[in-house]
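Subject: Structure for you to look at

Hello,

I am handing over the structure below, followed by notes on what was found in it. Please read the notes with the model open.

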Amino acid sequence: MTQFSIKSVLLVDDDPAATFINKVFIRNLPLEVDVYSASDGKDALDLLDEMSISLNGQQSFVPCLLILDIKMPVMDGWEFLDAYTHRYSKEIKNNITIVVTTMSEDERDIIKASDNPMIKEFVQKPLSDEKLLEIVEKHFMEKQN
């Protein structure tokens, strides 16, 4: 059986329907993960802070897949990434894989995402269970000896 080194998924999206569908897709994957959601970048930062503090420095939520929408109210994906870059230790950031999702076909978003070392993938919405599995296999598959 394939083993994955992933403990949690954080969905950051202001669209409740997209979040619901992505949760269904994740639950259909061969994973045992905690799934968290935030409706904007500020909520995501607050949640990451809370998870870090409540665990007394023991980040049991990492390795984590963070699926980040770009276009959101309050704090969008780009603003989240700016804050995230300066707010968290290298140890935490090295254990969180960020995948950006958007419905935007704006070439500037694609270029900006490809220029950001924090972003591991840029994916057009909507996601599918196949695409999520592909992402998990690419970034979290444990190597067999």
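The protein chain has six helices and five strands, where helices (H or I, at least four residues) and strands (E, at least two) are DSSP runs numbered from the N terminus. Along the sequence their pattern is β-α-β-α-β-α-α-β-α-β-α. The radius of gyration of the protein chain is 14 Å, close to the 15 Å that the globule rule gives for 145 residues, so the chain is as compact as a globular protein of that length. That radius is taken over C-alpha atoms, and the rule is 2.2 Å times the number of residues to the power 0.38.

This is a predicted model: local features need pLDDT of at least 70, side-chain atom pairs count only at pLDDT 80 or more, and totals for chains, interfaces and linings use all residues. Residues are numbered from 1 along each chain as its sequence is written, and side-chain values use heavy atoms, without hydrogens and water.

Of the 145 residues, 46% count as buried (under 20% relative accessible area; exposed is over 50%, partly exposed in between; 1.4 Å probe, protein chains only).

Regards
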